[in-house]
Amino acid sequence: MDNNTRPAEMQRITTPELAQAFIDEQVAAVRARVGDKKVLLALSGGVDSSVVAALLIRAIGKQLVCVHVNHGLMRKGESEQVLSVFRGQMDANLIYVDATDRFLDLLAGVDEPERKRKIIGGEFIKVFEEEARKLEGIDFLAQGTIYPDILESHGVKAHHNVGGLPEDLQFELVEPVRLLFKDEVRVVGKALGLPESMVERQPFPGPGLGVRCLGAITRDRLAALRESDAILREEIAAAGLQKKIWQFFTVVPDFRSTGVRDGKRAFDWPVILRCVNTVDAMAATVPELPWTILQKITQRILNEVPGVCRVLYDLSPKPVATIEWE
């Protein structure tokens, strides 16, 4: 049996006690392997990388060097939360790179979805490589690989886009949660003291809001997308529905619609609400939200988000539609 095969007798981590036993085991294993050397981690703020960061901080403290790259396509407050939790609360050795202008300048005028993805992924690797080359004494690269990643990629997983680092950066991999399923990673994260909002974070595409700001990304539409998404998340949470809907987000397309604002004709964007339930993401259904909640979300977006004159609810299941729009 290789190191990427989950033992048949391995107990599912479903309780705080089992999570603590796993943490103790991994802390000891990491300390024995790493010794006094340093470990580098791309900390996106997602569940997997956040849990790995918290676990490695528990094991080796400042020997872990976290790099958080803000590509300008994060949801509202996400980079701030990473800084607050890891630098403020856990005293992590954290490098923060605000590369917003760099990414958005490269994406200007690019409307083809796959090209957008390649630009975002490729530039992330470049930024991370630049930061890695500034550091000395790094022997290990930590990754938030989890067991479904291994199953889906036959043991080869380029997680968080760092798999494209040049060959001369000869890091040994540290993947402490590689044999866990996502629900187990969440249990471990809670046992490590991570906030629920981070541990229960929804699936979020690697290109971030770049694939929800449809067509060529503009800063004003991106701002409208970020604000409308925050309102949707706030109201879903206020209604107690955040654990009853698998994923919910907003989309802002690259066209305008006529409207009326302050007695004058307006020519603004629509905002599309997207909510889905699924088991495996291969098929998805659309939940029936209470009308009062949809009305409140609509009114808040129209009143609080500049440049928006319509709010739409996407009723399309998968198939025929996909979960994301791009």
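**Salt bridges and a buried threonine**

Arg 300 and Glu 235 are both buried. In this predicted model, their side chains meet in a salt bridge, with N and O 2.8 Å apart. Arg 300 belongs to helix α10 (residues 291-304) and Glu 235 to helix α9, so this pair ties together parts that are 65 residues apart in sequence. Side chains of opposite charge can pair when their charged atoms come close.

Let's look at some other pairs. A search of the whole structure finds 29 salt bridges. One of them joins the side chains of Lys 76 and Glu 227, at 3.0 Å from N to O. This pair links distant parts of the chain, 151 residues apart: Lys 76 sits in the loop between β2 (64-70) and α3 (78-89), while Glu 227 is in helix α9 (residues 219-238). Lys 76 counts as partly exposed because its relative accessibility is 41%, and Glu 227, at 30%, is partly exposed as well.

Another salt bridge pairs Arg 261 with Asp 268, whose closest N and O atoms are 3.9 Å apart. Here Arg 261 is partly exposed, at 34%, whereas Asp 268 is buried, at 12%. Returning to Arg 300 and Glu 235, salt bridges with shared partners join them with Glu 234, Lys 296 and Glu 304 into one network.

Now turn to a strand. Thr 250 lies in β6 (residues 247-251). Is Thr 250 buried or exposed? Its relative accessibility is 0%, so Thr 250 counts as buried. The side chain of Thr 250 makes a polar contact of 2.9 Å with that of Ser 228, and a polar atom of the Thr 250 side chain lies 3.3 Å from the backbone nitrogen of Asp 229. Beyond its neighbours within four places in sequence, Thr 250 is in contact with residues including Arg 212, Leu 232 and Ile 272.

Technical notes
Residues numbered from 1 in each chain as written. Predicted model: local features only at pLDDT ≥ 70, side-chain atom pairs only at ≥ 80, totals over all residues. Heavy atoms only, no water. Helix = DSSP H or I, 4+ residues; strand = E, 2+ residues; numbered from the N terminus. Buried < 20%, exposed > 50% of the residue type's maximum accessible area, 1.4 Å probe, protein only. Polar contact = N/O pair within 3.5 Å; in protein donor to acceptor, adjacent residues only side chain to side chain. Contact = heavy atoms within 4.5 Å. Salt bridge = Lys/Arg side-chain N within 4 Å of Asp/Glu carboxyl O.
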